[in-house]
Amino acid sequence: MRTIGRFVAGFFKWTWRLLNFIREFILNLFLVLLVLVGVGIWMQINSAPAEPARGALLLDITGVVVDKPSVSNKLGVIGRQLLGASSDRLQENSLFDVVDTIRQAKDDRNITGIVLDLKEFAGGDQPSMQYIGKALREFRDSGKPVYAVGDSYNQGQYYLASFANKIWLSPQGMVDLHGFATNSLYYKTLLDKLKVSTHIFRVGTYKSAVEPFIRDDMSPAAREADSRWIGELWQNYLTTIAANRQITAQQVFPGAQGLLDNLQKLGGDTAKYALDNKLVDELASSATVDKAMVKQFGWNKENKDFSYTSMYDYVVKKPSDKGDSIAVIIANGAIMDGQETPGQVGGDTTAMQIREARLDPKVKAIVLRVNSPGGSVSASEVIRDELEAARTAGKPIVVSMGGMAASGGYWISTPADYIVASPNTLTGSIGIFGVINTVENSLDSIGVHTDGVATSPLADVAVTKSLPPEVQQMMQLTIENGYKRFITLVADSRKKTPEQIDAIAQGHVWTGQDAKANGLVDSLGDFDDAVAKAAELAKIKVWHLDFWQDDPSFLDMVFDSMSGSVRAMLPQALQAYLPAPLADAALALKAQNDKFGTMNDPQNRYAFCLTCGDVR
C-alpha cells in the first residue's frame with residue numbers, strides 16, 4: 001500500500017515539476033523573443049540613415065492614408081521586418097510623412113523620378129489625396145518624371161495616378177470609375193422585434209445620425225442633403241482628374257449609360273476603353289513596363305529589378321528647428337471623453353496638448369488639424385475651452401480642416417482666428433442629438449421584470465425600466481440648450497447672429513466650398529496655407545513645425561508591433577469563411593459598432609455626423 005502511495009506521490013511530484021519546467025521554458029522563450037525584438041527595434045531606430053541608391057523613389061503606399069496613424073510609420077516598417085506583420089489593407093500611413101518624403105526626394109540628387117505602384121493603396125479622403133497630388137506636381141515641376149504603373153486602378157488609386165507624367169495599364173486591366181455612394185444600416189425593425197425602446201432627443205432637421213434607430217431607410221430631408229454634397233465631391237473629383245489628364249470631365253466619366261455604350265462598342269475591353277478615352281497613356285505587360293523602368297532608372301543587380309528605393313526605406317531627415325515654433329495638434333477621429341485611444345480623439349489628451357503648447361514660450365502659434373466627424377459634446381467643449389484659453393493668451397489659432405470637420409469637429413474649431421478648409425472638406429453638421437435605449441419590453445417578453453423605489457423620478461433611471469417622462473423632458477431641454485450653445489459659439493466666432501447660423505445649421509452638412517460661401521470658413525486651401533496663415537498672424541518670418549503628439553514608449557512599440565500581426569491576420573482568416581456579401585455586412589456592422597462605441601458623453605449629448613465618413 002505504501003509502495004502505491006509513494007508511486008502516486010512521485011507521479012504527481014514529477015508531473016508538477018514537468019509542468020513548471022514547461023511554464024518556465026515558455027516564459028523564458030517569450031522573454032528572449034521580447035529582448036530580440038526590442039534590440040531589433042532599438043537598432044532600427046538608432047541606425048544611421050543610409051544614402052538611397054540612385055534611381056526612383058517607389059511610392060508603394062500600402063493601406064490607407066490618415067492624418068494621424070494609430071502606430072507610427074517607422075514602427076510599421078519595423079513590424080514588417082521583424083515580425084512579419086502583413087495587414088496591408090489595415091496599415092495606416094501619415095499624410096504628412098508621405099508629403100515630406102516626396103518633397104525631400106524632389107531635392108535629392110539620388111532620386112531621379114517617382115514610380116507610383118498603388119496596387120496595395122486602400123485609399124484616403126479626397127483632401128488628403130489632393131495634398132499628396134500637390135507634392136507630386138511640385139516634384140514634376142522640378143524636372144523629374146512621375147510614372148504610374150498598375151494592372152488596374154480603383155478610384156482612389158487612379159486619383160493619385162492622374163498626377164503622373166505617364167500612366168501604364170495592363171492590357172487586361174481597367175480604370176474602375178463608378179462614382180461615390182454612402183450606405184448606412186438602419187435598425188428600427190430589428191429594435192422593434194427585440195422590443196427595445198429607443199428614446200431620441202435631437203435638434204436639427206438634417207441631423208440624420210439618429211435615423212438608424214427610428215427608421216428603416218433614409219429620410220427625404222437627409223437624402224436631399226446628402227445627394228447635394230456627395231454630388232459636389234464627385235464633381236470635384238472629375239474636375240481634378242480632367243485637369244490632370246487634360247481632357248473633359250465628360251470624358252473621364254460619361255455616366256453609367258455612356259460607359260456601357262462605349263464598352264459595348266469595344267466588346268467589353270476595359271483597357272482599350274481607358275486608352276481610347278485618354279485615361280491612361282499606354283497598355284503594356286509587366287515585362288514591358290519593367291524594361292522601360294530599367295531604361296529610365298538603371299538596373300539593380302542585388303534586387304534584380306530597376307533601381308529604386310521604397311518610400312518605407314527612404315529616410316526623411318529631421319527638419320530644421322531654426323526660428324520660432326508653430327505647434328501642430330491633430331484631432332483625428334471621433335471625439336470621445338477621456339484619454340486618446342488609437343483612431344479616436346481623447347478630449348483630455350488633446351486639451352492637455354493645447355495647454356502645453358499655450359504654456360510653452362517657444363510656441364508662437366497653434367495649427368489645429370481637424371479630421372473628425374465629431375462625437376461627445378462634453379469632450380468637444382473641453383478641447384474648445386482650452387483652445388479659447390490659448391487664443392486669449394495671445395497665441396494665434398488657425399484651424400486646418402482635413403476630410404471632415406463636422407459637428408463636434410466644427411465645435412472645436414470655433415475659437416480659431418482663421419479657418420482653412422479644402423473644397424472637399426465635409427463640415428458644418430451643426431446639430432445635437434441624444435440616444436437612450438431601454439429594454440424593459442424585451443425583458444417583459446421573457447418574464448423578467450424590474451421594480452423598486454426612488455426618491456424622485458429623476459433617480460429612477462435604468463436600462464431595464466421605461467424612461468420616466470420627467471427624464472425625457474429634461475433630456476430634450478438639455479439637447480436644446482446644447483444646440484443653442486452651439487449656434488451661439490458659431491455666431492460669435494463668425495461674427496453673425498444666432499438666427500443667421502440657425503438658418504445654415506440644423507445639422508446640414510456642407511462641403512468646404514459651400515461652407516466658404518456660407519461664411520463658416522475663411523478660405524479654401526490646404527495644410528500649407530494654414531501654416532502660412534499662422535506664421536502671418538504670429539508675425540514671424542522664420543519658423544519650424546512641432547507636431548505635438550504622445551509618442552509611444554519603447555514597450556508600447558514592441559507590444560503594438562506584436563499584437564499588430566495578430567490583429568492583421570484575424571479578420572482575413574474569419575472573412576475567408578464567409579461569402580462576399582456576408583463579409584461586407586460584417587465589416588459594415590463593425591464600422592457602425594466602432595462609431596457608436598465612441599459615445600461616452602456623461603450627458604448623452606452628441607454632435608456627430610454619421611454619414612460623413614461613409615463615402616466610398
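I began at the start of helix α20, where Asp 526 caps the N-terminal end: a side-chain oxygen lies 3.1 Å from the backbone nitrogen of Asp 528. Polar contacts here are pairs of N or O atoms within 3.5 Å, one able to donate a hydrogen and the other to accept it. The model is predicted, so local features need pLDDT of at least 70 and side-chain atom pairs 80 or more, while totals for chains, interfaces and linings use all residues. Residues are numbered from 1 along each chain, and side-chain values use heavy atoms, without hydrogens or water.

I then looked up α20 itself, residues 527-538. Its 12 residues reach 17 Å from first C-alpha to last, close to the expected 16 Å (1.5 Å times one less than the number of residues). Helices are DSSP runs of H or I, at least four residues, numbered from the N terminus. Among the buried residues (under 20% relative accessible area, 1.4 Å probe, protein chains only) I noted Phe 527, Val 531 and Lys 533. Just after the helix, Lys 539 has a positive phi of about 60 degrees.

Next I took the pair α13 (residues 347-359) and α14 (residues 377-392). They pack at about 5 degrees with axes 8 Å apart (axes are lines fitted to C-alpha atoms over the stretch in contact, angles run from 0 to 180 degrees between N-to-C directions). That makes α13 roughly parallel to α14 (under 35 degrees). Ile 354 and Arg 358 of α13 are among the residues meeting α14, whose side includes Ile 383 and Glu 386; contact means heavy atoms within 4.5 Å.

Conventions. Helix = DSSP H or I, 4+ residues; strand = E, 2+ residues; numbered from the N terminus. Buried < 20%, exposed > 50% of the residue type's maximum accessible area, 1.4 Å probe, protein only. Parallel < 35°, antiparallel > 145°, perpendicular 65-115°, else oblique.
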